[in-house]
Amino acid sequence: MRVLLVHPSPLMYSELYLRLEPLGLERVAAAIRAAGHEVRLLDLQIFTHADYWRELETFAPQAVGFSVNYLANVPEVIDLAKDTKARRGSAFVFVGGHSASFVAAEFLEHAEGAIDCIVRGEGEVIAPRVLEAIGDPKLDTLPGVVTRTGAGPSPTLLEDLDLHLPARDLGRKRHKYFIGVLDPCASVEFTRGCPWDCSFCSAWTFYGRSYRKGSPEAAGEDLARIREPNVFIVDDVAFIHPEHGDAIASQIERRRIRKQYYLETRCDVLIKNQELFARWKKLGLYYMFLGIEALDEDALKAHRKRVTLNENLRALEIARSLGLTVAINIIADPSWDEARFAAVRDWALTVPEVVHLTVATPYPGTELWLTESRQLTSRDYRLFDVQHAVLPTKLPLKRFYELLVNTQSVLNRKHLGWGALRLYGGAALRAASRGQTNYLRMLWKFSTVYNTERQYADHLKPVRYEMRPPRPMAGSKPSKQELYIHMPAPVH
Ligand code: B12
Ligand code: SF4
């Protein structure tokens, strides 16, 4: 069967700082190809809708699968699915991915028959079975599959992460993938899931709080296959188990792989495993993201982050002493006033790290979605991208955006525009001499992507697809069925 797999367009964040390969879709593609199908992949972060229509015409796929990891992409994919059915009625349309898994029933409703099924949870094992079951009324009895007529049992976890290494060869224009000065950049996955349970995050509810590791040998093999000089490690929390990180490091040494790496981890994990991170620094670890989230203990508690402010500050010192480029994130609450923005800005200007602000957003899949007591001011999927305020702001909305954009722009002076060239000019020019200009081009783009008028105007756009409101909890605790996609393993 001819199968076309599609990743939707970029959201605000990816318009500026980075653009990365759709690793989940590449793994699903590998599994489908191994089952004997002819697969193509189109990434709309790089290509246009016109390219998609052309591909639909020339490749004439019998099945089209969309990846929806981001809620804000839901409307785009509904419209693409409707137009796909209008142009090529015989094609089977299915959708998978992180966010699609949490809003499966309403997604199908909005699509009014244009989406044949949603596949909840991990796609490697189930996607080939879905293709086999096209036309069979038993489709909706498969694990994780939801159709307009029924839903199968909970999805099952992939037992062996070493299976179905990403089909990177299906990517086109791979030189467009980059993160900051790591240009071009490929992605890799060493582990999957997260054992913590932060209230604003859906990584743990998706994977049932499981944490699985691929073998160090497979990690080594996958890295050796990557052509790009830079690698983004997509793990939610890198190197929780130091012996695993050490074993991968040994593989890298043994195979003499020389690359630069970006990873994301927790402050307590960095503190605990300092030696491991120092070893990785020697192997090429360049850029690290630490989820600091808040500058006061109360907010850290509310996020259920399970780290203290002191630990956060210590971790920053360790990262500095290792000589890493560090980015951190602070969650801006819609209740912030002028003084709060000023306090965060003042603190951020005293530290050398790259500081990003995201807006506190209860989205389906997070515990916050079920427990947040403030009323949502919008149920427009497009605004659920952690860059817009969907809860009531204490300041007038426009003023909130003014301060958000202004704070980000002040902080960005450290690592965008001329400030960045002073720091990374050499690396940027070396990349440019090889024809890689993604990074150079982003340096002066900030105000076209982040600006008050644009963000405010997004709230005034007509809303065609509205999210279902959360079930009122009235003090009760969310059930497992409400929280999880993959059910947690029973405790013995
Ligand atoms: C790496 C990553 C990124 C990368 C992007 C990678 C990419 N190109 O897709 C970067 C850093 C760019 C990024 C950015 C953002 N991210 Co992000 N990201 C992740 C992260 C940590 C891992 C994703 C990943 O690669 N996993 C590994 C692969 C193998 O798994 P996967 O993609 O989920 O695919 C599997 C299944 O979902 C399924 N599947 C996927 N697609 C399909 C398609 C079909 C047809 C089928 C059958 C199955 C299927 O099968 C795959 C294999 O099992 C997740 C957290 C998480 N654990 O999922 C957050 C996460 C997805 N990101 C999130 C957010 C909020 C963002 C941003 C909006 C943040 C911001 N500051 O603005 C931006 C927006 C990016 C954009 N779209 O433009 C949220 C999603 C929130 C939501 N519900 O919308 C998550 C869940 C993090 C969180 N803690 O809450 N992100
Ligand atoms: S924010 Fe990080 S540590 Fe917390 S649950 Fe999500 S992935 Fe895990």
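Modeller: A salt bridge is a side-chain nitrogen of Lys or Arg within 4 Å of a carboxyl oxygen of Asp or Glu. This is a predicted model, in which local features need pLDDT of at least 70 and side-chain atom pairs count only at pLDDT 80 or more, while totals for chains, interfaces and linings use all residues; side-chain values use heavy atoms, without hydrogens and water. Residues are numbered from 1 along each chain as its sequence is written, and chains are lettered from A and ligands numbered from 1 in the order in which they are written.

Biologist: How many salt bridges does the rule give, and which residue does Glu21 pair with?

Modeller: The count comes to 40 salt bridges. In one of them Glu21 joins Arg168, with the closest N and O atoms 3.6 Å apart. Glu21 lies in the loop between strand S2 (18-19) and H2, and Arg168 in the loop between S7 and strand S8 (178-179), so the pair ties together parts that are 147 residues apart in sequence. Helices (H or I, at least four residues) and strands (E, at least two) are DSSP runs, numbered from the N terminus.

Biologist: How is a sheet to be read, and what is the order of strands in the one with mixed pairing?

Modeller: Strands of a sheet pair through backbone hydrogen bonds, either parallel or antiparallel. Two strands count as paired if DSSP finds at least two bridges between them. Here an open sheet of 6 strands with mixed pairing runs S3-S1-S4-S5-S6-S7. Strand S3 (38-43) and strand S7 (145-146) each have a single partner strand, so one side of each is left without a neighbour in the sheet. Within the sheet, S1 (residues 2-7) and S4 are parallel over 4 bridges, and Leu4 stands opposite Val64 in S4.

Biologist: Which strands form the edges of the sheet with parallel pairing?

Modeller: The order in that open sheet of 6 strands is S9-S12-S13-S14-S15-S16, and its edge strands are S9 (186-188) and S16 (354-359). Strands S14 (residues 285-293) and S15 (residues 325-332) run parallel, joined by 5 bridges, and Met288 faces Val326 in S15.

Biologist: Finally, which protein donor does the cobalt atom of ligand 1 have?

Modeller: Donors are N, O and S atoms within 2.8 Å of the metal (3.2 Å for Na, K and Ca); water is not among the atoms, so sites may look incomplete. The cobalt atom has a single donor from the protein, Tyr70 (OH), 2.8 Å away. Tyr70 is found in the loop between strand S4 (63-67) and helix H4 (74-87).
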